[in-house]
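Hi everyone, thanks for making time this morning. Let me put the sequence and the structure up on the screen, and then we can walk through them together.

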Amino acid sequence: MNKFSARKTECIQGHMHDSKFEAERCGILHIMQKHGMISELRSQVKFDLIPAMKYGNMPNEQGVRYVADFVYVESGVTVIEDVKSEETRKNPGYIIKRKLVKQKYCTDGKTVFREYIQTKSKSRKVKKNGETY
């Protein structure tokens, strides 16, 4: 269990996920792919945000990396998707990484960042380019 009370959960496809909600989303995405709604579904995809650096005689600074829960293609557009609860999406570290991903990877119109959000009422919201669906 992590600091947000999420438990590692195995999805129907046998992948381990950081939460039950993420595992459920994996199942939904696999069904969408099976029906041709999306393609090229991948999970836990790493994106380099800031490279490792060396400053003079100081020790190396590690690079900064973001790991997307899912990446897939929908209608010719690559979607970088992160599954979050309302609480975890307010995490300052996540907010900075989300902004860096958008700045570095989502400026060409061919790639978008999407948050799949679990609300307190358990209903699902998807934020797509700042709009909630």
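Let's begin with a question: among contacts in the chain between residues at least 6 apart in sequence, what percentage join residues at least 24 apart? It is 46%, with contact meaning heavy atoms within 4.5 Å.

A word on the ground rules before we go on. This is a predicted model, where local features need pLDDT of at least 70 and side-chain atom pairs count only at pLDDT 80 or more, while totals for chains, interfaces and linings use all residues. Residues are numbered from 1 along each chain as its sequence is written, and side-chain values use heavy atoms, with hydrogens and water left out.

Now the layout. The chain has two helices and eight strands; these are DSSP runs numbered from the N terminus, helices being H or I with at least four residues and strands E with at least two. Reading from the N terminus, the order is β-β-α-β-β-β-α-β-β-β. Of the 133 residues, 34% count as buried. Buried here is under 20% relative accessible area, exposed is over 50%, and partly exposed is in between, with a 1.4 Å probe and protein chains only.

On to the rings. A pair of aromatic rings is described by the distance of the centres and the angle of the planes. For us, rings of Phe, Tyr and Trp (its six-membered ring) pair if their centres lie within 6.5 Å; planes under 30 degrees apart are stacked, over 60 edge-to-face, and the rest tilted. The structure holds four such aromatic pairs. One of them is F21 with Y116, a stacked pair at 5.5 Å centre to centre and 20° between the planes. This pair ties together distant parts of the chain, since F21 is in helix α1 (residues 20–34) and Y116 is in strand β6 (residues 111–118), 95 residues apart. F21 counts as buried because its relative accessibility is 6%, and Y116 is buried too, at 7%.

Another pair is F47 with Y66, and this one is tilted: 6.4 Å centre to centre, with 40° between the planes. Ring pairs then link F47, Y66, Y105 and F113 into a cluster. F113 is in strand β6 and is buried, with a relative accessible area of 4%. Its C-alpha is 9.6 Å from that of A68, which is 45 residues away along the chain.

Let's go back to Y116 for a moment. Which residue lies over the face of Y116? It is R25, at 3.9 Å from the ring centre. The rule is that NZ of Lys or CZ of Arg must be within 6 Å of the ring centre and within 35 degrees of the ring normal. R25 sits in helix α1, and with a relative accessible area of 7% this arginine is buried. Setting aside neighbours within four places in sequence, R25 is in contact with M32, F70, Y72, E81, V83 and Y116. K84 does something for Y94 as well, lying over its face at 4.5 Å from the ring centre.

Y94 brings us to helix α2 (residues 92–105). This helix has 14 residues and reaches 20 Å from its first C-alpha to its last, close to the expected 20 Å at 1.5 Å a residue; the expected span is 1.5 Å times one less than the number of residues. Which way does α2 face? Y94, R98 and V101 are buried. Looking down the axis, the buried residues of α2 fall within an arc of 60°, so they line one face of the helix; the arc is taken from the directions from the helix axis to the C-beta atoms. What covers these buried residues includes β3, β4, β5 (77–85) and β6. On the other side of α2, P92, I96, K99 and Q103 are exposed.

Last stop, the backbone. Most residues other than glycine have a negative phi. E40, in strand β3, has a positive phi of about 55° although it is not a glycine, and E40 is exposed at 55% relative accessible area. Q44 is also in strand β3, with a positive phi near 55°, and counts as partly exposed at 36% relative accessibility.

Thanks, and over to you for comments!
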